[in-house]
Amino acid sequence: MEKPADLTQEQLAKAVRVGDLPGLMAALAPTIAEFVAAATAPLKARITELERGGGIHYEGVWQAAREYRRGMMATYDGAIFHCNAAVTRDKPGTGSAWTLAIKSGR
């Protein structure tokens, strides 16, 4: 951290008095708040993204006419599949849109 241009070396070397702390904290608070906001912004964005997805939703038996979205789970041929695609109508087990989550006992 660079020294402020308007302070002399003597001022910077001088001990801080207890009475000066409220003013010092008031001067530092905006810089600290800005740093914390910038450091946590990516985490807040990721949390929002995760919450928007809503987690896993079981949708019952797969239906060809239905549109499925990422996070949905459906039963097909006795197994349960997880949808990986943003949106798909593909049959589970036939491409990358679905991942086998629970294998059939057959």
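Me: Let's start with W62: buried or exposed?

Reply: W62 has a relative accessibility of 13%, so it counts as buried, given that the cut-off for buried is under 20%. Keep in mind that this is a predicted model.

Me: OK, and how many aromatic pairs does the structure hold?

Reply: There are two aromatic pairs in the structure. In one of them, W62 sits edge-to-face with Y76, at 5.6 Å centre to centre and with 85° between the planes.

Me: Where in the chain are W62 and Y76?

Reply: W62 is in the loop between β1 (57–61) and β2 (68–69), while Y76 belongs to strand β3 (residues 72–76). They are 14 residues apart, and the pair links distant parts of the chain.

Me: What's the relative accessible area of Y76?

Reply: For Y76 the value is 25%, which means Y76 is partly exposed.

Me: And which residues make an aromatic pair at 5.3 Å?

Reply: Those are Y68 and W98, again an edge-to-face pair, with 65° between the planes. Y68 is in strand β2 and W98 in strand β6 (residues 98–102), so this pair ties together parts that lie 30 residues apart in sequence.

Me: Y68 and W98, buried or exposed?

Reply: Y68 is buried, with a relative accessible area of 0%. W98 is buried too, at 5%.

Me: In which sense do β4 and β6 pair?

Reply: Strand β4 (residues 79–83) and β6 are antiparallel, and their pairing runs over four bridges. For a place to look, take H82: its bridge partner in β6 is T99.

Me: What does S104 touch?

Reply: Leaving out residues up to four places away in sequence, S104 touches D77, G78 and A79.

Conventions: Residues numbered from 1 in each chain as written. Predicted model: local features only at pLDDT ≥ 70, side-chain atom pairs only at ≥ 80, totals over all residues. Heavy atoms only, no water. Phe/Tyr/Trp six-rings, centres within 6.5 Å; stacked < 30°, edge-to-face > 60°. Helix = DSSP H or I, 4+ residues; strand = E, 2+ residues; numbered from the N terminus. Buried < 20%, exposed > 50% of the residue type's maximum accessible area, 1.4 Å probe, protein only. Pairing = 2+ DSSP bridges. Contact = heavy atoms within 4.5 Å.
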